Structure formats: structure tokens, C-alpha cells
Amino acid sequence: VSAHVNMMFEPGSDIRVRDAINSLIRAFRQLSGPEVRLFISYASEDTQAARRLVRLITDLNLDVWFAERKIRVGDSIVQKINGALGDVTHFLLLLSRNSVNKPWVLKEFSSALMRQLGDKSIAVLPLRLDDSPIPPILADIRYADARLGLEKAVRELKDSLFPVL
């Protein structure tokens, strides 16, 4: 497989070569980098935000595990979630006043945290939806901030999932 890239710049253009190259590097990593399998953990009260997030990240070429799309009528909810948590590479925790005390969210987070501490086979990515306090166990982890818009948080996630050197 071969590819040809033509980088033409208009005279007087504000595009810096570094910025153009970084965009190419990011696109290449998305296409050829390690596969990202993302589990989204959220409270049922935050379903609308989770749905919107899924729509915003569809162009990132991720394998997204979103309960609403993955659990079908007749499926064992526990088995589906357990299987997914054992297979994903990234755990996206939607933090809100709704989620911080939800039993399902806490169980999912506990599972991801144990994998992260045990064999580092998963990355925990908090995404802050509102001004509720950050749980102390997450205090040292930088979060994506959706308080000023979900689009901003998605850009932060993209930079984390597909960093440019």
C-alpha cells in the first residue's frame, strides 16, 4: 500500500507546516495506531450527554462500548458489562452529581481501576460533566472538562487518545 501526500500552501497562508504535519500525524495514528476500545460509564440520568458524546466521537475510529447500543433484549447485563470491561483499553467515566454514587458506575469504575493498578492494561479517562466534587481517588488524574461544552471535552479526549509528539 502506498500513499501520496501533496501539501500545498497558499501564499500568505496562516497554516504553519508544523500544524499541518501534526494533523497528518494524528490522522495516521488514528488509522494505523493501536486499536482503542473505549467503555463509556455513566449514570442513567446522564444518558443524553452520553448519547451526544457517542455521536461526537464516531469519527475517531474507536470501538465504543456504549450500553445502550451493546446490550440487547435477552442479554445478561452483568455478563455483557463484565465481558466488555475485560476487553476494553480505555474506560471513560462521565463524572456528574448523578454518577458519583451510582452502584453500577462504582462497580464498573472499581473493575477498571483494579485492571489499571494490576497490569496497566486499561487507561481511566474521567470526563467532568458538572461542578460536582471530583472523587478523591481521581484527584490526581486530569479530566476532560465538558462544563464549557462537550465539544471541548471531545477535543481533549482526542488529544489524549491520539497524542502528537
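How many residues line the largest pocket, and which of them lie nearest its centre? The views below are taken from a predicted model, and the opening one answers this.

**View A. Lining of the largest pocket.** The lining consists of 17 residues. Nearest the centre of the pocket lie Tyr42, Ser44, Ala67, Trp104 and Glu108. Two or more lining residues come from each of β1 (37-41), α3 (67-70), α4 (77-87) and α5 (103-119). Helix α5 gives the most, with 4 residues. By class, the lining holds 12 nonpolar, 2 polar and 3 charged residues. The volume of this pocket is about 310 Å³.

**View B. Packing of α4 against α5.** The axes of the two helices are 10 Å apart, and the angle between them is about 30°. Angles under 35 degrees count as roughly parallel, and α4 is therefore roughly parallel to α5. The crossing of α4 past α5 is right-handed. On the α4 side the contact is made by Ile77, Val78, Ile81, Leu85, Gly86 and Asp87. The α5 side supplies Trp104, Glu108, Ser111 and Arg115. Of the residues in this contact, 5 are nonpolar, 2 polar and 3 charged. Trp104 and Glu108 take part in this contact and also belong to the residues nearest the centre of the largest pocket.

**View C. Crossing of α2 and α6.** Helix α2 spans residues 47-57 and helix α6 spans residues 150-161. Their axes come within 10 Å and cross at roughly 50°, so the two helices are oblique to each other. The crossing of α2 past α6 is right-handed. Helix α2 makes the contact through Ala49, Arg52, Leu53, Leu56 and Ile57. The contact of α2 with α6 comprises 7 nonpolar and 2 charged residues, with no polar ones.

**View D. Surroundings of Ile137.** Ile137 is found in the loop that runs between β4 (123-128) and β5 (144-145). Leaving aside residues up to four places away in sequence, Ile137 touches Phe109 and Leu113. Leu113 is 24 residues from Ile137 along the chain. The C-alpha atoms of this pair are separated by 9.8 Å. Helix α5 covers residues 103-119, the range in which Phe109 and Leu113 fall.

Definitions and conventions: Residues are numbered from 1 along each chain as its sequence is written. This is a predicted model: local features need pLDDT of at least 70, side-chain atom pairs count only at pLDDT 80 or more; totals for chains, interfaces and linings use all residues. Side-chain values use heavy atoms; hydrogens and water are left out. On a 1 Å grid over the protein atoms alone, a cavity is a set of points where a 1.4 Å probe fits but cannot get out, and a pocket is an open set with protein on both sides within 12 Å along at least five of seven lines; lining residues have an atom within 4 Å of a point. Grid points are joined across faces, edges and corners, and a volume is the space filled by probe spheres set on the points. Ala, Val, Leu, Ile, Met, Phe, Trp, Tyr, Cys and Pro count as nonpolar, Asp, Glu, Lys and Arg as charged, and the others, Gly among them, as polar. Axes are lines fitted to C-alpha atoms, for helices over the stretch in contact, and angles run from 0 to 180 degrees between N-to-C directions. Angles under 35 degrees count as roughly parallel, over 145 as roughly antiparallel, 65 to 115 as roughly perpendicular and the rest as oblique. A crossing is left-handed if the near helix is turned anticlockwise from the far one by less than a right angle, and right-handed if clockwise. Contact means heavy atoms within 4.5 Å.
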